[in-house]
Amino acid sequence: MPFPSRLAALVAACVLGACAAPRADTSSTARYAMDDFATVRKFDAHVHANADSTAFVEQARADGFELLSINVDYPAFPPVDTQHTIALKQAAADPVRFHWAATFRMTGFDSPGWSEAVGDALAAEVARGALAVKIWKNVGMVETDAQGRPIMLDHPALAPIAERIRALDIPLIGHQGEPHNCWLPLEQMTTDNDREYFGNHPEYHMYLHPDQPGYETHMAVRDRFLDAHPQLRFVGAHMASLEWDVDRLAAFLDRYPDATVDLAARMAQVQYQAVRDHDKVRAFFIAYQDRLLYGTDLTQAPDTDPEAFRQAAHATWRSDWMFLATAQSQRIDTIRADVRGLALPRAVVDKVYYSNAMRVFAPHRR
């Protein structure tokens, strides 16, 4: 059944109380409360531990989280080699709590044997413990070939790497494009965090670069790539850049039944929609409970005060828990609105926060 029809049925069921919607007299076992936050097993599937510090893992331990730290070739981050060294050290110190994902650079893209060399390097990373590989938005938005043309995700030279990752039986975490807000003027964006980011990073604000590939081009390229690699385990980072419309995201998940998406750095866009149609967003989470991975994009930079970072991580994790797991309302400053929690059933919360990540990243631990 196409998603809009299924969604309409689920919304109607929620209105009638048939999709585990909370009532005032509902048993306390039906959904979690804030007091359950620290005791429920959780997995943040998208963070960046870029400091040689124990603060991130310490806070994760206190709040009941495991972490997946994702290496990425981002100019604002430490060099990839430094990220890699930190990841190996943290994983060795706490292999149960700390996990990591590898990445690769585009340097030498046009050189003979580049794809094979990258594939061999990734195989070595997996042997050292990497649970996934990340491909960043520089593919599609930054990198160009020898002729000056954008290197898109469906470039033939990337196909052997995709097939090598498939053969290694690990997921590819794909960050293609940007939030839909990226192609809007600052004043038309739906969240203040996007206004701040793109205001500070005009090089990535595609509204200012109409000569570059557009939003729909990025989405179509990503889909062509997945069509070409149907057995590749794919995680769409940041809600697969479809964060602005749960209908669009549902259609993507229906088209690619083995794909999952993480929620990293896109909770505000979900909350923006929930303010306008709470039942629809809640129904989406229930319908796609097996396809969603909790993630934040929390980043501990080398110069961040460890205690300040711990407090910020704790606040982010608790705020997200309040929205997803409880019916409480909270002020979300980045959308300038009071947002009522989704109060998802416990079984749904357990999947989004933990068991889905185990299935996708660590099936041997299921």
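This is a predicted model: local features need pLDDT of at least 70, side-chain atom pairs count only at pLDDT 80 or more; totals for chains, interfaces and linings use all residues.

Colleague: Which orientation do helix α8 and helix α10 have relative to each other?

Modeller: Helix α8 spans residues 215-228 and helix α10 residues 246-255, and their axes come within 12 Å. The axes cross at roughly 15 degrees. Angles under 35 degrees count as roughly parallel, so α8 and α10 are roughly parallel.

Colleague: Which residues of α10 meet α8, and what is the make-up of the contact by class?

Modeller: From α8, the residues taking part are Y215, E216, M219, R222, D223, L226 and D227. Their partners in α10 are R248, F252 and R255. By class, the contact of α8 with α10 comprises four nonpolar, no polar and six charged residues.

Colleague: What is the handedness of the crossing where α2 passes α13?

Modeller: Helix α2 covers residues 55-63, and its axis and that of α13 come within 9 Å, crossing at roughly 35 degrees. The crossing of α2 past α13 is right-handed.

Colleague: How many nonpolar, polar and charged residues does the contact of α2 with α13 have?

Modeller: On the α2 side, the contact is made by A55, F56, E58, Q59, A60, A62 and D63. On the α13 side stand P306, F309, R310, A313, H314 and W317. Sorted by class, the contact of α2 with α13 has eight nonpolar, two polar and three charged residues.

Colleague: Which residues are in contact with F285, leaving aside its neighbours within four places in sequence?

Modeller: F285 is one of the residues that touch the most other members of the largest nonpolar core. With neighbours within four places in sequence set aside, the contacts of F285 are L263, V270, L292, L324, L342, L344 and V348.

Colleague: How many residues are in the other core that lies apart from it?

Modeller: Among the members of this other core are L68, V235, A237 and A357. The core lies apart from the largest one and has 17 residues.

Colleague: Is S115 buried or exposed?

Modeller: S115 is found in helix α4, residues 114-127. Not counting residues up to four places away in sequence, S115 touches A157, P160 and I161. Its relative accessible area is 11%, and buried means under 20%, so S115 is buried.

Key
Residues are numbered from 1 along each chain as its sequence is written. Side-chain values use heavy atoms; hydrogens and water are left out. Axes are lines fitted to C-alpha atoms, for helices over the stretch in contact, and angles run from 0 to 180 degrees between N-to-C directions. Helices (H or I, at least four residues) and strands (E, at least two) are DSSP runs, numbered from the N terminus. Angles under 35 degrees count as roughly parallel, over 145 as roughly antiparallel, 65 to 115 as roughly perpendicular and the rest as oblique. Contact means heavy atoms within 4.5 Å. Ala, Val, Leu, Ile, Met, Phe, Trp, Tyr, Cys and Pro count as nonpolar, Asp, Glu, Lys and Arg as charged, and the others, Gly among them, as polar. A nonpolar core is a set of buried Ala, Val, Leu, Ile, Met, Phe, Trp, Tyr and Cys residues joined through side-chain atoms within 4.5 Å. Buried means under 20% relative accessible area, exposed over 50%, partly exposed in between (1.4 Å probe, protein chains only). A crossing is left-handed if the near helix is turned anticlockwise from the far one by less than a right angle, and right-handed if clockwise.
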